[in-house]
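Let's walk through this structure together, one neighbourhood at a time. Keep the viewer open and follow along as we go.

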Amino acid sequence: MDKTYFGTLYVNGIVPVAVIKDEKTAVPLAAAILEGGIDCIEVTFRTPTAAKSIELIHENFPEMLIGAGTILTGEQAETAARAGASFVVSPGLSLPLIKECNAAKIPLIPGVATATEVITAMENGVTAVKFFPAKQAGGVNYLKAISAVFPDVKFMPTGGIDLENLADYLSISTVFCCGGSFMFKTDDYKKITELSKAAALIVKSKREKRYFYV
Ligand code: 3PG
């Protein structure tokens, strides 16, 4: 595991997930969350502008940790890495994708929703996973039950995370970071900054209370 990307995600506690339709919005979106105290972003590969958006954010904010989301193939992972992504995230667990990312030395956080998938991830050398779709799959209580049997696996719950439930997910000892698009539900950059600040404050209040060894 690349400690640098993992550590940055841990410190942020929340990774804003952006679906960018117009690459012109990429830099102001990134600026708005940076202003709110968050220096990481996941740009989903669900729009044709994803790679260009990553490139623009990387050029303008080289200090920002950028991930590419919704990665389904090794080719997409390589395109994302070339554009400036330091890690990639997949909604599910694909063994070919794990192999391809390992071969290309691109850190991958694959998605899991069941104990069986966690075991398969572990069998393939993966120790940090995305728990997806977090809320719809069973939420905080479900993740607590899964975490209890896999204390060495680190989880990034994503899907239905908001300011109301962020603290509850961060209270689970195996959760290193949460993913969410809630700060992008508005086009108002000031509001995006406010929501990012509110999320960063919640992370701070949770993190002051416990240690996490990475
Ligand atoms: C995604 O990939 O879009 C994430 O699952 C974000 O989920 P959310 O929109 O519920 O935060």
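Predicted model: local features only at pLDDT ≥ 70, side-chain atom pairs only at ≥ 80, totals over all residues.

Val 88 sits in strand E4, which covers residues 87-89. Is Val 88 buried or exposed? Its relative accessibility is 1%, and because buried means under 20%, Val 88 counts as buried.

Helix H3 (residues 50-60) packs with helix H4 (residues 74-83) at an angle of about 25 degrees, and their axes are 8 Å apart. Angles under 35 degrees count as roughly parallel, so H3 is roughly parallel to H4. Their crossing is right-handed.

Now look at how H3 meets another helix. Helix H2 (residues 26-35) and H3 pack at an angle of about 50 degrees, with their axes 9 Å apart. H2 and H3 are therefore oblique to each other. The crossing of H2 and H3 is right-handed. Here Ala 26, Val 27 and Ala 30 of H2 meet Ser 53, Leu 56, Ile 57 and Asn 60 of H3. By class, the contact of H2 with H3 holds five nonpolar, two polar and no charged residues.

Which residues of H3 are buried? They are Ala 50, Ala 51, Ser 53, Ile 54, Leu 56 and Ile 57. A bit of helix geometry is handy here: an α-helix has 3.6 residues a turn, so residues three or four places apart point the same way. The buried residues of H3 pack against H2 and H4, and also against strand E2 (40-44) and strand E3 (65-69).

Ile 57 leads us on to the largest nonpolar core, which has 74 residues. Leu 9, Ile 57 and Phe 155 are the residues with the most contacts inside this core. Helix H10 (residues 189-207) gives the core its largest share, six residues. To see the surroundings of Leu 9, set aside residues up to four places away in sequence: Leu 9 then touches Ile 14, Val 15, Cys 40, Leu 65, Phe 87, Ile 109, Phe 176 and Cys 177.

Ser 196 has a relative accessible area of 0%, and so is buried. Apart from neighbours within four places in sequence, Ser 196 is in contact with Ala 32, Ile 33, Gly 36, Ile 38 and Met 183.

Next come some backbone details in the loops. Thr 70 is in the loop between E3 and H4, and its phi is near 55 degrees, a positive value in a residue other than glycine. Thr 70 is buried, with a relative accessible area of 15%. Lys 105, found in the loop between H5 and strand E5 (108-109), likewise has a phi near 55 degrees. At 73% relative accessibility, however, Lys 105 counts as exposed. Helix H5 itself covers residues 95-104 and contains Lys 99, which counts as exposed at 65% relative accessibility. The C-alpha atoms of Lys 99 and Thr 70 are separated by 17 Å, and the two residues are 29 residues apart along the chain.

Our last stop is a peptide bond. Phe 132 and Pro 133 are joined by a cis peptide bond, with omega about -10 degrees. Pro 133 is found in the loop between strand E7 (128-131) and helix H7 (134-137).

Terms used: Residues numbered from 1 in each chain as written. Heavy atoms only, no water. Axes fitted to C-alpha atoms, helices over the stretch in contact; angles between N-to-C directions. Helix = DSSP H or I, 4+ residues; strand = E, 2+ residues; numbered from the N terminus. Parallel < 35°, antiparallel > 145°, perpendicular 65-115°, else oblique. Left-handed = near helix turned anticlockwise from the far one by under 90°. Buried < 20%, exposed > 50% of the residue type's maximum accessible area, 1.4 Å probe, protein only. Core = buried A, V, L, I, M, F, W, Y, C linked by side-chain atoms within 4.5 Å. Contact = heavy atoms within 4.5 Å. Nonpolar A, V, L, I, M, F, W, Y, C, P; charged D, E, K, R; others polar.
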